[in-house]
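Please read the points below with the model open beside you.

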Amino acid sequence: MPITDETCEHLELLNALISRQSLLSTNRMQYIVYAAALACQNKNVLRMIQHLVGDVTPNQRQDIHHAVVRMAATNAYYMAMHSIDLKCNTSNAMQLTPLKELDVEDKTSYYYACIAACLVNKGYSCLSNHITLLRSCDESDESINMALKLVASVLVMCQSNFNNEYS
C-alpha cells in the first residue's frame with residue numbers, strides 16, 4: 001500500500017516527538033511505540049515504526065509481546081469487572097504467570113509497554129496501576145506523559161492507515 005501524504009504527516013509527527021524528547025531512553029521509547037503498534041494490530045504501522053526507530057532485540061521483542069498479550073487479557077477482564085457487580089476475587093483472576101517468572105529484561109520498559117497496550121485497549125484501570133508501578137521505579141510524570149503522547153501518535157498513524165485502506 002502506498003504511503004499517502006496524510007500517513008507521511010503522521011509519521012513525521014511521531015518522528016518529531018521522538019527527536020525532540022529527551023526524557024525516555026531509546027530502549028524505553030522503542031518498547032512504547034512497538035507495543036502500541038502491536039496492540040493496534042497494524043502491520044503497516046509496525047513496519048513504519050521499525051523503519052523509524054530500528055529493530056529490537058529478541059529479548060526486547062519477547063518482553064513487548066508479553067506486555068501486549070497480557071494486557072489484551074487483563075484490560076478486557078478488569079474493565080468488565082469494574083463495570084459490573086460480581087462478588088469474586090479478582091486477584092490474578094486470569095492466572096497469568098507472575099512477572100518475576102517471565103525473565104523480563106527491563107521491568108521499567110516493560111511497564112511502559114504495558115501502558116501503551118492499556119491505552120490502545122482502553123484498559124484504564126490497568127493503565128492507572130501500571131503508571132503507579134512506573135512511579136515506583138522513579139519515572140517522572142513528564143516521562144509518563146511523553147509515553148502517552150507517543151502512543152497517541154501511533155494511534156493516529158493507525159487510524160490514518162485504516163482510513164487510507166478503506167477509501
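**Notes on the model**

1. Tyr110 and Tyr111 are both buried, where buried means under 20% relative accessible area, exposed over 50% and partly exposed in between, with a 1.4 Å probe and protein chains only. This is a predicted model, in which local features need pLDDT of at least 70 and side-chain atom pairs count only at pLDDT 80 or more, while totals for chains, interfaces and linings use all residues. Residues are numbered from 1 along each chain as its sequence is written, and side-chain values use heavy atoms, with hydrogens and water left out.

2. The whole structure holds 2 aromatic pairs. Rings of Phe, Tyr and Trp (its six-membered ring) pair if their centres lie within 6.5 Å; planes under 30 degrees apart are stacked, over 60 edge-to-face, and the rest tilted. Tyr77 and Tyr78 make an edge-to-face pair, at 5.1 Å centre to centre and 80 degrees between the planes. Tyr77 is partly exposed, at 23% relative accessible area, whereas Tyr78 counts as buried at 16%. Tyr110 and Tyr111 also form an edge-to-face pair, with 5.9 Å between centres and 65 degrees between the planes.

3. The protein has 7 helices and 0 strands; helices (H or I, at least four residues) and strands (E, at least two) are DSSP runs, numbered from the N terminus. The radius of gyration is 16 Å, close to the 15 Å that the globule rule gives for 167 residues, so the protein is as compact as a globular protein of that length. That radius is taken over C-alpha atoms, and the rule is 2.2 Å times the number of residues to the power 0.38. The C-alpha trace spans about 50 × 35 × 30 Å along its principal axes. Of the 167 residues, 44% count as buried.

4. Which residues have the most contacts inside the largest nonpolar core? They are Val33, Ile49, Leu150 and Val154, in a core of 50 residues. Such a core is a set of buried Ala, Val, Leu, Ile, Met, Phe, Trp, Tyr and Cys residues joined through side-chain atoms within 4.5 Å. H1 (5-20), H2 (26-40), H3 (43-53), H4 (58-83), H5 (107-121), H6 (124-136) and H7 (141-166) each give two or more residues to this core. H5 gives the most, with 11 residues.

5. Leaving aside residues up to four places away in sequence, Ile49 touches Leu14, Val33, Tyr34, Ala37, Gly54 and Val154. A contact means heavy atoms within 4.5 Å. Among contacts in the protein with a separation of 6 or more, 75% are between residues 24 or more positions apart.

6. H4 has 26 residues and reaches 37 Å from its first C-alpha to its last, close to the 38 Å expected at 1.5 Å a residue; the expected span is 1.5 Å times one less than the number of residues. A kink of about 30 degrees is centred on Met71, the bend being the angle between axes fitted to the seven residues ending there and the seven starting there. The buried residues of H4 include Ile64, Val68, Met71 and Tyr78. Their cover includes H2, H5 and H6.

7. Two loop residues deserve a look. Gln41, in the loop between H2 and H3, has a positive phi of about 60 degrees although it is not a glycine. Asp138, in the loop between H6 and H7, has a positive phi of about 65 degrees and is not a glycine either. Gln41 is exposed, at 71% relative accessible area, and Asp138 is exposed, at 71%.
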